[in-house]
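Visitor: I would like to go through this model term by term. Please give me the value behind each label.

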Amino acid sequence: MKSLRVIRPLLSIFIFWMTAMSAGAGEVSPPLQDDAVDFSFYGLTLNVAKLNPVEVKSVFNSDVSAAWNKYKKRDVAPVLTTLGSLSSSLGLNDWFVFQLVRQYVDALLKSATPMDRMVLEHYLLMEMGYDVRLARTERQLVLLVPFKQEVYEQDFVKIEGKDYYLYFDDLDADRDELSVLYPCDPSKTDLGKGHALSLLFEGEPLKLRSGSDKCCEYDDGNIRLSCMVNEGVMEMLRDYPMMDLRCYVTSVVMPQFQHSILEQMKPQLEDLSQCEAANALLHFVQYVFDYENDNELHGHEKVYFVEENFYYDKNDCEDRSILYAFLVRSLLDLDVQIIQYPGHECTGVHFTDCRTYGSGYYLDGEFYLICDPSFVGAPIGRCMPQYMTMRPQVYVMKTTTLGEAYQPPLRPSIDDMITVPALPKVLVAL
């Protein structure tokens, strides 16, 4: 009997993949009407064609397969077409398409069983081209979802070398009942034909707007900034899956918002040298936001996309580093890296038109000066003393020349992550 290991943040348990048996599946009685389903999606009321669902008699594989095969004979095209149109018009990435499907099914089958909901979610997601799978415990079905990016703080299993993350029924789930997990794929011939979900914001900009806009005013004495942040979008990001830091660096959630803040800042830096402008931006990030760690502010670890800093007005070192790197790249056209120490992040900047003094490191023959947006009061070139003797990891970003045709915001890419030597106390780069 084969076994797989479910990996959890604090607990590891074994999952046994076994065949199971039972019989039959039938339709829900009474059948639903053919009108549309209205449901709430992050503050918006959406309307999707109503589907006459199938009743799943048990969690056993034969019953799940029977129900799934009935769906294959149904005309689900109106539902799939509407979901696809909504996804496109709202600029949803794969994660929010996943949420859209789940919330539609929850509204359609809110009085049905968790088994009914999970099978329909699985069927619709597979029909939309995603490589999702089903598993079961003794009493409930579990949706297995692969991502292109590594996800933290989420249980997962490895199947044929691929990580599948576990998602339970949203309305009625027992997440602690996970001592044994069995395979429950209803259609072996359809396995592996879909693609993993991407958590990046790299295609169409997110267009969903709901609720009010929060007006934010910032002034550190040198740079003034006014912006509006949509509360609905921030609510969408509140419980976004935790990813590797580079995923936040390379995502642009709200291009128009980023364009607005860059256009306001740019003229305020025009007469400054690179070093002067970098110091001005460093001072801005250090002083306009209050420093607070994630557990105190959110109750759990959370890394911000650039836009979230302006909504919460509080952030920590990794959030500030992502924001500062974005500002330096976009406004000064400089090569900037994210530096990661144990428990701390800052940035390294390669200057080209001014003499720099301070702590830094060499990478491929170029000197990078430490710029720490969390070391309040410290100018460029100043490293926190406790990190001077440590060997940090550096997220190596691809150098981008903006050019005259550049239209912000910049979408960077991260090529590699390397470890650089511990920093000498003072370096001078000419």
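Visitor: Where is Asp 313 found?
Guide: This is a predicted model. In it, Asp 313 sits in the loop between helix 10 (308-312) and strand 17 (314-315).

Visitor: Why is Asp 313 called partly exposed?
Guide: Its relative accessibility is 27%. Buried needs under 20%, exposed needs over 50%, and partly exposed covers what lies in between. Therefore Asp 313 counts as partly exposed.

Visitor: What is the phi of Asp 313?
Guide: Phi of Asp 313 is near 65°. That is a positive value in a residue other than glycine.

Visitor: Phi of Glu 160 is positive too, so where does Glu 160 lie, because I want its place in the chain?
Guide: Glu 160 has phi near 55°. Glu 160 lies in the loop between strand 10 (156-159) and strand 11 (162-167).

Visitor: What makes Glu 160 exposed?
Guide: The relative accessibility of Glu 160 is 78%. The cut-off for exposed is over 50%. So Glu 160 counts as exposed.

Visitor: How do you know that Asn 309 is buried?
Guide: Asn 309 has 0% relative accessibility. Buried means under 20%. Asn 309 therefore counts as buried.

Visitor: Which element holds Asn 309, and what is Asn 309 in contact with?
Guide: Asn 309 lies in helix 10. Leaving aside neighbours within four places in sequence, its contacts are Tyr 218, Phe 289, Tyr 304, Lys 314, Asn 315, Asp 319, Arg 320 and Leu 323.

Visitor: Why is Val 249 called buried?
Guide: Val 249 is at 5% relative accessibility. The limit is under 20%, so Val 249 counts as buried. Its place is in helix 6 (residues 245-249).

Visitor: Which residues meet where helix 1 contacts helix 4?
Guide: Helix 1 brings Val 64, Ala 67, Trp 68, Tyr 71 and Lys 72. Helix 4 brings Val 119, Leu 120, His 122, Tyr 123 and Met 126. These divide into eight nonpolar, one polar and one charged.

Visitor: How do helix 7 and helix 11 cross?
Guide: The axes of helix 7 (residues 255-265) and helix 11 (residues 317-332) come within 11 Å and cross at roughly 65°. The crossing is right-handed. Gln 258, Ile 261, Leu 262 and Met 265 of helix 7 make the contact with Phe 326, Leu 327, Ser 330 and Leu 331 of helix 11. The division is six nonpolar, two polar and no charged.

Visitor: What about the chain as a whole?
Guide: The chain has eleven helices and 25 strands. Of its 430 residues, 56% count as buried. The accessible surface comes to about 18800 Å², and 49% of that belongs to carbon and sulfur atoms. Among contacts with a separation of 6 or more, 67% come from residues 24 or more positions apart.

Notes: Residues numbered from 1 in each chain as written. Predicted model: local features only at pLDDT ≥ 70, side-chain atom pairs only at ≥ 80, totals over all residues. Heavy atoms only, no water. Helix = DSSP H or I, 4+ residues; strand = E, 2+ residues; numbered from the N terminus. Buried < 20%, exposed > 50% of the residue type's maximum accessible area, 1.4 Å probe, protein only. Contact = heavy atoms within 4.5 Å. Areas by Shrake-Rupley, 256 points an atom, 1.4 Å probe, with all protein chains shown as cover. Nonpolar A, V, L, I, M, F, W, Y, C, P; charged D, E, K, R; others polar. Axes fitted to C-alpha atoms, helices over the stretch in contact; angles between N-to-C directions. Left-handed = near helix turned anticlockwise from the far one by under 90°.
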